[in-house]
Amino acid sequence: MATIEECRAALGKLSDNMGGAEGDVRAAASLDRSVSCHITDLDVTFAGRLTGGRIEVDDTFPGPPRDNAQIRLAMAGDDLVALVDGELNFAGAWGSGRVRLEAGLLDLFRLRKLL
């Protein structure tokens, strides 16, 4: 089972990857939205913003998200690490329910280029 530190590092790596993206992926990452990532097996939530093509984690707290972020992710810690490392396909994980993504319809259309 991934630790909180490994999950935070995975979010940092995802942010770095997004920051270095180009073209359509860069445009999709340029959203300015509140974001939360609930790690279900650890029952911890990372909250912050997607801004400037990066994810900035501002807070980490126990339990589910306290606020309804504009982009909400939920998954096990091992799945987050595997997604960022390229070992787990997002579409397959989302389709099977291993990863939950909630956002407005327009944001989902833009985010699909990232995923």
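Biologist: Why is S15 called buried?

Modeller: Its relative accessible area is 2%, and buried means under 20% (exposed is over 50%, partly exposed in between, with a 1.4 Å probe and protein chains only). So S15, at 2%, counts as buried. Keep in mind that this is a predicted model, where local features need pLDDT of at least 70, side-chain atom pairs count only at pLDDT 80 or more, and totals for chains, interfaces and linings use all residues. Residues are numbered from 1 along each chain as its sequence is written, and side-chain values use heavy atoms, with hydrogens and water left out.

Biologist: What does S15 touch, leaving out residues up to four places away in sequence?

Modeller: G53, R54 and I55, where contact means heavy atoms within 4.5 Å.

Biologist: S15 is found in helix α1. What makes α1 roughly parallel to α3?

Modeller: The axes of α1 (residues 4-19) and α3 (residues 77-84) cross at roughly 30° and come within 9 Å. Angles under 35 degrees count as roughly parallel, over 145 as roughly antiparallel, 65 to 115 as roughly perpendicular and the rest as oblique. That's why α1 is roughly parallel to α3.

Biologist: Which residues of α3 make that contact?

Modeller: G77, L80, V81 and V84 of α3, meeting E6, C7, A10, L11, K13, L14 and N17 of α1.

Biologist: And the sheet: which strands are at its edges?

Modeller: The order is β3-β2-β1-β4-β5, and β3 (54-62) and β5 (100-103) are the edge strands, as each pairs on one side only. Two strands pair if DSSP finds at least two bridges between them. β1 and β4, for example, pair in the parallel sense over five bridges.

How values were computed:
Axes are lines fitted to C-alpha atoms, for helices over the stretch in contact, and angles run from 0 to 180 degrees between N-to-C directions. Helices (H or I, at least four residues) and strands (E, at least two) are DSSP runs, numbered from the N terminus.
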